[in-house]
Number of protein chains: 2
Amino acid sequence: MSSVGIVAPQTHCFTAPLVLQCGASMADYTLMYETYGQLNADKSNAVLVCHALNASHHVAGVYADQPDNIGWWDNMVGPGKPLDTTQFFVIGVNNLGSCFGSTGPMHINPSTGKLYGADFPVVTVEDWVNAQARLADVLGITQFAAVMGGSLGGMQALAWSMMYPERLRHCVVVASTPKLSAQNIAFNDVARQAIITDPDFHGGDFYAHNVVPKRGLRVARMIGHITYLSNDDMAEKFGRDMRSNDYQFGYGVDFEIESYLRYQGDKFSAYFDANTYLLITKALDYFDPARHYGGDLTQALANTRAQFLVVSFTTDWRFSPERSHEIVHALVSNQRRVTYAEIDAPHGHDAFLLEDARYLNLVRAYFERIAKELR
Amino acid sequence: MSSVGIVAPQTHCFTAPLVLQCGASMADYTLMYETYGQLNADKSNAVLVCHALNASHHVAGVYADQPDNIGWWDNMVGPGKPLDTTQFFVIGVNNLGSCFGSTGPMHINPSTGKLYGADFPVVTVEDWVNAQARLADVLGITQFAAVMGGSLGGMQALAWSMMYPERLRHCVVVASTPKLSAQNIAFNDVARQAIITDPDFHGGDFYAHNVVPKRGLRVARMIGHITYLSNDDMAEKFGRDMRSNDYQFGYGVDFEIESYLRYQGDKFSAYFDANTYLLITKALDYFDPARHYGGDLTQALANTRAQFLVVSFTTDWRFSPERSHEIVHALVSNQRRVTYAEIDAPHGHDAFLLEDARYLNLVRAYFERIAKELR
């Protein structure tokens, strides 16, 4: 197994307006994307990889000028890897509203000539999928071999199967959910409140004030990070380990877990955009495809045509296996072909990004099956 | 069952210095407390009720001028209630460092003539117990019929059994834990970081600036509140219920759970002291009686003499039943008399404060047994 090596992002500027679920429309916008592997002659081997909250189009490989900037799913995508780029043409696309290159809150709003800031429309999973479909058009891909994602990326894959049923043969939904729970929404809203009430947020126009609401972003990330790890994993990795031999009797760092979380918060707040954090968490909250079917997920999935691989992780308490069961049950009720695996992994929600032989071998086997269909 | 009716807090000023675990000593300090019922002739019917994070000495009844200010455990303590004030003399005491009357961060530090602020010593569960023991001395109580508490209050009850084994006959530990997990500490530290990084915190000296770090306190309380409720209970009470029929596509309130949590945060930030929040969460983090016994809780509990009632709640994910099992196992290893009950309640950690017939009847039965020993 080796890396896809040096990659370079590409951009495409769309000039036809994109009507969004909120009713607004984006007059023109740019999507940033990367591709790995070769599109075959009949354009049947394309796989779209959708990203989650803090990731981007940079799925695999490194940049020539940034040899340490490894793609976020590099253990999954590459030559000889589970999603094998010698077989498949893989596309990573950065979503609208992101802070990693596609049109987002820190770009100019053509209708005002000013930065979007908090005025950037609250985009949804479905909006992202529509934008991704246009990119597929540009690339000449009428049908994906698979659309794949973990967490929020899994929601996009699921939405693809409902919105463009003819345009994907397989749908791979990892560590995801058909909708957020009240507790999921609660954690998202606390994170948003931390950002919005940071005096440096300035109603989203912090760019104009040359500040960043770092305090709020830091707290938001710390909260998020707790929900990505399992209780057991945190206990195993950190427990009550201390930085020094005795309690400090102050408000600095006593425990390693404090140090770790503060570090994660500091790191995140240095690179992530606050407005992007707000809108992505809203996209998570709003995803609920059964909503227009009286809450009936089976009905919502009735017009899907793809075959499905659904994967969950036992210690994931953010999107627990039960949430995947809901998806699987609804698909089975529709007599769809579904492969479901519940991986007994200790790493909580983050497991979908980590090395786990059973998980990676399962995905490998699934894509080997898809590859056979290509021949 | 009726209320204890109108009650009035009392204070006692202590002038003998109290040496704290941090090494500092409090030259003089005041404890605020309330009592309900009558102390019997041989002073054998006293029960000490220890409070948790955001509560106080006001355990039961109401104040003459505040008829709606009902004590925090009024469903537990009163005439004919589980802890029956016709049988027992019940004491509620406000802990050092609190913001509800006992000496705390918003009081004058006699050694500087200024408000303590963030300089108030980081007190521990053990410090509180020492202070409570002095109050017992003042009241002439050499041995409690029981010391009782839920959550952080349960830690104090447990500490009593180890620190003053001869001074209590029963120890009632509800929804508690022998030490916080990494995840517990993580949530506490995010809350502290939200407060400390609020520009209105001013290093703890916000009193001098006539401001309150409301934003930080609000986020801290929202985080805390999520951990007090069970996932199921939140799903049942709020689910994805919305405030209006459709998504707002903005950052106001879409979901009822957002409205509820923001309201809880607003309310809390209007009355709770930020420095108190910091020090109480540190007291939680630091509690770990097994620490000086190489992590061996059985050894830590070896010199206890009391009989124990330990209660946990199935859906409590803050201090789960497994944490109570640790206490029970250590006590059983020491051949202590232990009654343990795991109440199948839907309300998460908050269940210890709520109406639940099985729970309240269990505590009632236990105290009836204690009452019989008095005769």
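**One Predicted Model, Two Chains**

Good morning. Let me begin with one residue: A:A131 has a relative accessible area of 2% and is therefore buried, since the term applies to anything under 20%. Please keep in mind throughout that this is a predicted model.

Where does A:A131 sit in the chain? It belongs to helix α1 of chain A, which covers residues 125-138. Which residues surround A:A131, once its neighbours within four places in sequence are left aside? They are A:L18, A:Y29, A:L31 and A:L96. There is also a comparison of sequence and space to be made here. A:A131 and A:V19 are 112 residues apart in sequence, while their C-alpha atoms are 9.8 Å apart in space.

I turn now to the sheet of chain A. It is an open sheet of eight strands, with mixed pairing, and its order is β1-β4-β8-β5-β11-β12-β13-β14. Which strands form the edges? In chain A they are β1, residues 10-14, and β14, each of which pairs on one side only. From one strand to the next, the twist averages 20 degrees.

In chain A, β1 and β4, the latter being residues 29-36, run antiparallel and are joined by five bridges. Within this pair, A:F14 stands opposite A:Y29 of β4(A). A helix also packs on the sheet: α10(A) touches β5 (46-50), β11 (144-150), β12 (168-174), β13 (307-313) and β14 of chain A. The direction of α10(A) makes about 175 degrees with that of β13(A).

Let us next consider the nonpolar core. How many residues does the largest one have? It has 260 residues, and those with the most contacts inside it are A:Y359 and B:Y359. Setting aside neighbours within four places in sequence, A:Y359 is in contact with A:W73, A:M76, A:V174, A:V311, A:F313, A:I343, A:A351, A:F352 and A:L354.

Residues up to four places away in sequence not being counted, A:A351 touches A:F313, A:A345 and A:Y359.

In general, most residues other than glycine have a negative phi. A:N210, however, has a positive phi, near 55 degrees. This residue lies in the loop between α3 (182-196) and α4 (214-228) of chain A. A:N210 has a relative accessibility of 74% and so counts as exposed. In chain B, B:H202 likewise has a positive phi, near 50 degrees, and is placed in the loop between α3 (182-196) and α4 (214-228) of that chain. B:H202 has a relative accessible area of 33%, and it is therefore partly exposed.

Chain B also has its own sheet. Its eight strands form an open sheet of mixed pairing, in the order β1-β4-β8-β5-β11-β12-β13-β14. At its edges are β1 (10-14) and β14 (338-343) of chain B. In chain B, five bridges join the antiparallel strands β1 and β4, and B:Q10 stands opposite B:Y33 in β4(B).

Finally, how are the two chains related? A rotation of 180 degrees, with 0.0 Å of shift along its axis, superposes chain A on chain B with an RMSD of 0.0 Å. The two copies are thus related as by a two-fold rotation axis.

How many residues of each chain are in contact with the other chain? The count is 58 residues of chain A with 58 residues of chain B. Together the chains bury about 5,000 Å² between them, 64% of it on carbon and sulfur atoms. A:R240, A:F249 and A:Y251 supply 17% of the area that chain A buries against chain B, more than any other three residues. Why may we say that the copies meet through the same surface? Because 100% of the interface residues of chain A are also interface residues in chain B.

Thank you for your attention.

Note on methods. Residues numbered from 1 in each chain as written. Chains lettered and ligands numbered in written order. Predicted model: local features only at pLDDT ≥ 70, side-chain atom pairs only at ≥ 80, totals over all residues. Heavy atoms only, no water. Least-squares fit on C-alpha atoms with pLDDT ≥ 70 in both. Contact = heavy atoms within 4.5 Å. Core = buried A, V, L, I, M, F, W, Y, C linked by side-chain atoms within 4.5 Å. Buried < 20%, exposed > 50% of the residue type's maximum accessible area, 1.4 Å probe, protein only. Pairing = 2+ DSSP bridges. Helix = DSSP H or I, 4+ residues; strand = E, 2+ residues; numbered from the N terminus. Buried area = accessible area lost by both parts, 1.4 Å probe. Axes fitted to C-alpha atoms, helices over the stretch in contact; angles between N-to-C directions.
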